[in-house]
Amino acid sequence: MNTAATNPDERLPSTELWRTWKRILRLSKPYFLRLIFSFILAALATGAWLAIPLGLRSMLDSVFEQGDRHLLNVIAIGMLALFIVQSLMSFGSHYLIDWIGSRVITDLRQKVYAHLCQLDLRFYTNHRLGELTSRLGNDVGTIRSAATTDLSQLLMHNFSLLGSIILMAVLNWRLSLIVFGVVPPVVLVSRYFGQKIRRISRQAQDRLADTTAVAEEALGAIRVVKAFTRESYEVRRYRNETEALFKLNRHRALITAFFSSGIGFFFLLSMTTIFWYGGSEVLENRLTAGDLVAFLIYATNITRSVWGISRLYSSLNSAAGASERIFQILDTIPEINDNERAVVMPFLKGRVSFSNVSFSYEKDGFNLNQVSFVANEGETIALVGPSGSGKSTIMHLIPRFYDVQSGQIRIDGIDIKTVQTQSLRQQIAVVAQDIHLFGISVAENIRYGRLEATDSEIISAAKAANADQFIHDLPEGYDSLVGERGVKLSGGQRQRIAIARAILRDARILLLDEATSSLDSESEALVQQALERLMVGRTSFIIAHRLSTVQHADCIIVLDSGKVVQSGSHQTLFEQDGLYRRLCSLQFQDP
Ligand code: ADP
């Protein structure tokens, strides 16, 4: 959905724009000295450029009038020297500004990415991944071009404009008034169009993010698309998005073109007036021919600069539109924040208790309602219940992916809200049902569990996870790349790698979502054995899909609509006439 049109800050364009630019400029603070130096270079380069018409003026008024060849040579050499200085200065300032721009954008990209990694799960359930990658890629890219080439050109144009205005006023102030008269309406018109362009740009960036999200969703689920033969449906969906984007871009192109050519027209009009009025001043001997030529060149300079500035103004406005979105991400505060007095979680023993925990993802209703239970050190707790009963939610709350609305979760007697979240999560290992392996080597995938692990620790973990054998049989063993550009692993193999990763993490608390996909019996036995090894000595919470797991659990918690309806051992619960027995007879529950 396109949210730009409903955004309240659209109503405050100029203050917002200024605030956005101030923030962008603040990003360049570490490079302040370089920035000043580049400004000086740009001013010098423009100064040299502005001296050229004065040389021409002397040539027309002195050299030709007096037939002075020597003066001609002096002027020519002087101009050559100026050109050299101008080129050197312009090289230096372009390079420096581009450098600063690239540096600032690199910093920004890293900052946004680091912030994205810090944001919590609630943020990710409310944002599409494609949209976020588009922000990081396209939006930052738009700012990049504005902050580099555009900014350096803008600087040159501004100096040139300023210098030309001063020199013109000195040459002939009456004639200058003709040119200056055009400036105020042009500024007003620029502001008006600038706001329009910025709004459309922002909408276009939003649309581009939506487009990327649609493509990423469909390509990410290409199996589903193909299985339901929805290729043309997806193509249509993408086409609609891109056509909408095209319409916005067309609208922007129309406004930009109208704006630039309109301003050009204004200035050509003023040039014609100078030509006519200045010509009559020369005829009446109130102006020399050299003055008029120099004046016309400065007027051309002004036209070129104002035209350039207005064009850059629209591109800078686009960048401001893009950066607002980036800043919105940066301004999103993670909900899960360590409080100032948060302490480091001590080394865990693994006793987990829920006391009257109530939690909801959205504002209304409860996804967990007054849930209480205790898991002692080293126990295995099986969570069972129909789909949507709250099993995964309990798993999300233990590492504090979300904060509870009421009640407390304590680990070893410490409320998890009072400790540093990182230090808590470091002591929890997760084996999810849909195992994510990264496109790096098998060894590195296992090392993800503990980055400082040695190679031999990785191999021992793989052995304990029954993974060592098949890894050895891969073309490059532990160095084989996984994923699209590497080896394709079966479901059972992926699970064993995930188990090895969890073994390596050596955490006291284990969160395990048993795979529902049926493995062949040999693979299942290997996975089962690996899991049993993994669970030894750890407090393990398992979303159980297998009867064997449940039977061996120390305690089974039966959930229904967010409430604990039964708890106890398999034997006890099976003897009761309750949900558990019904679920068992359905072999087993939640698909
Ligand atoms: P289970 O794992 O037992 O199938 P969950 O814990 O995933 O159930 O879900 C419990 C309830 O919370 C369900 O009604 C589900 O729709 C809702 N729910 C789960 N995740 C979210 C979420 N990210 N945002 C909103 N509601 C959610």
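This is a predicted model: local features need pLDDT of at least 70, side-chain atom pairs count only at pLDDT 80 or more; totals for chains, interfaces and linings use all residues.
Good morning, colleagues. I begin with two helices: helix 5 and helix 6 are roughly antiparallel to each other. That description follows because angles over 145 degrees count as roughly antiparallel, and this pair packs at an angle of about 175°, with axes 11 Å apart. For orientation, helix 5 covers residues 129-171 and helix 6 covers residues 173-220. Where helix 5 meets helix 6, the contact residues comprise eleven nonpolar, eight polar and five charged.

Let me turn to helix 8, which runs over residues 231-283.

The remainder of my talk concerns the ligand. Its surroundings consist of 14 residues, and the closest are Asn 367, Gly 388, Lys 391, Ser 392 and Thr 393. Sorted by class, this shell holds three nonpolar, eight polar and three charged residues. Which helix gives the most to the shell? That is helix 10, residues 391-397, with three residues.

I now take the individual contacts to ligand oxygen atoms. A polar side-chain atom of Ser 392 is placed 2.5 Å from a ligand oxygen. For Lys 391, an N or O atom of the side chain lies 2.9 Å from an oxygen atom of the ligand. Gly 390 takes part through its backbone, where a polar atom is 3.0 Å from a ligand oxygen.

Thank you; I welcome your questions.

How values were computed
Residues are numbered from 1 along each chain as its sequence is written. Side-chain values use heavy atoms; hydrogens and water are left out. A residue is near a molecule or strand if one of its heavy atoms lies within 4 Å of it. A polar contact is a pair of N or O atoms within 3.5 Å; within protein, one must be able to donate a hydrogen and the other to accept it, and residues adjacent in sequence count only if both atoms are side-chain atoms. Helices (H or I, at least four residues) and strands (E, at least two) are DSSP runs, numbered from the N terminus. Ala, Val, Leu, Ile, Met, Phe, Trp, Tyr, Cys and Pro count as nonpolar, Asp, Glu, Lys and Arg as charged, and the others, Gly among them, as polar. The expected span of a helix is 1.5 Å times one less than its number of residues. Axes are lines fitted to C-alpha atoms, for helices over the stretch in contact, and angles run from 0 to 180 degrees between N-to-C directions. Angles under 35 degrees count as roughly parallel, over 145 as roughly antiparallel, 65 to 115 as roughly perpendicular and the rest as oblique.
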